[in-house]
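Please read each numbered point with the structure in view.

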Amino acid sequence: MRHLSSVIRVVKESVVDSSGRQREALRHFLRSRRARLSPDDVGLLATGRRHTPGLRREEVAVLAGVSASWYTWLEQGRDIKVSDSVLDAISHALRLDDTERVHLYRLAGTNPPQPASRSAAPKETQRLQPVVDGWLPAPAFVIDRYWNVLVANSKARSLLGVPGHGQNYLTAFFTEPSARVRFPDWDNMAARLVGQFRVQGARFPGDARFDMLAQELCRADEAFADLWARHETCNAARTRVRVRVKGQQGARYEHLILWLLENPDLRLMLYTPMPHAQEAGLELVAS
């Protein structure tokens with residue numbers, strides 16, 4: 001019992017220390033964002049002598065529409081509850097960019113809002129093509145939030161059947177008959193993809209386009225409809241894939257999913273050949 005009490009005390013102290021560090025980080029972050037602004041930057045008239053650079057706490061409170069004492073408590077790192085609307089108001093008052101706004105939410109102990117869908121600009125797509133081409137001779141491609149293909153290398157198209165630019169990867173996987181022949185573990189792959197799509201849609205609860213796409217796929221393919229009705233989830237970023245290959249024994253790949261920092265709507269799908277993973281028992285596909 002004495003040992004158990006010691007363990008519980010250590011866990012509690014760890015939680016307190018972690019919470020204290022987070023509030024300390026919040027305090028320094030807000031002070032630094034406030035210090036970089038002047039009254040002129042935010043359309044306020046500077047009054048009185050200023051001993052330190054930046055806005056005063058009272059000025060930030062006025063801009064955010066909250067009381068000066070409440071904002072002071074927040075900046076002091078006190079354990080207070082804060083709503084999303086107030087965090088948004090403070091973000092606007094301090095002229096935070098998207099990255100800083102998300103950081104503020106996390107430091108305040110609140111889940112950051114999901115960004116609005118942002119399509120990849122043509123220049124962004126052009127920059128991604130050399131990335132997937134550089135992964136040759138292994139397959140690689142990039143999809144957007146809705147699993148539309150943006151860029152793919154030649155091996156992704158020939159080996160995996162990845163469709164062309166702007167076409168939907170999920171639609172091709174479930175509606176192209178060649179996919180069921182191409183992948184000997186098609187049933188397992190299908191369940192995993194539907195689970196990943198459900199998790200992806202849950203990240204954007206206000207985006208009705210996910211429901212529209214799911215309904216279209218349910219009408220287009222009975223297997224998708226059955227899997228969608230199970231409400232199962234999957235969030236694996238690393239899996240193994242077996243592929244039948246024309247003219248040779250089948251191959252096994254490790255599939256890795258990477259989110260792109262500059263545009264989290266985009267995902268880079270990389271396939272790495274697994275050593276000594278030729279599948280002697282697989283049938284060969286005729287393309």
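1. Helices (H or I, at least four residues) and strands (E, at least two) are DSSP runs, numbered from the N terminus. Two strands pair if DSSP finds at least two bridges between them. The model is predicted: local features need pLDDT of at least 70 and side-chain atom pairs pLDDT 80 or more, while totals for chains, interfaces and linings use all residues. Residues are numbered from 1 along each chain as its sequence is written, and side-chain values use heavy atoms, without hydrogens and water.

2. Strands β4 and β5 form a hairpin, with two residues between them. Their antiparallel pairing, β4 being residues 251-260 and β5 residues 263-273, runs over eight bridges. Leu258 has Leu268 in β5 as its bridge partner. On β4, Leu256 stands opposite Arg238; strand β3 (residues 238-243) pairs with β4 in the antiparallel sense over six bridges.

3. Asn168 is found in the loop between α7 (154-160) and α8 (169-175). Why does Asn168 count as buried? Its relative accessibility is 10%, and buried means under 20% relative accessible area, exposed over 50%, partly exposed in between (1.4 Å probe, protein chains only).
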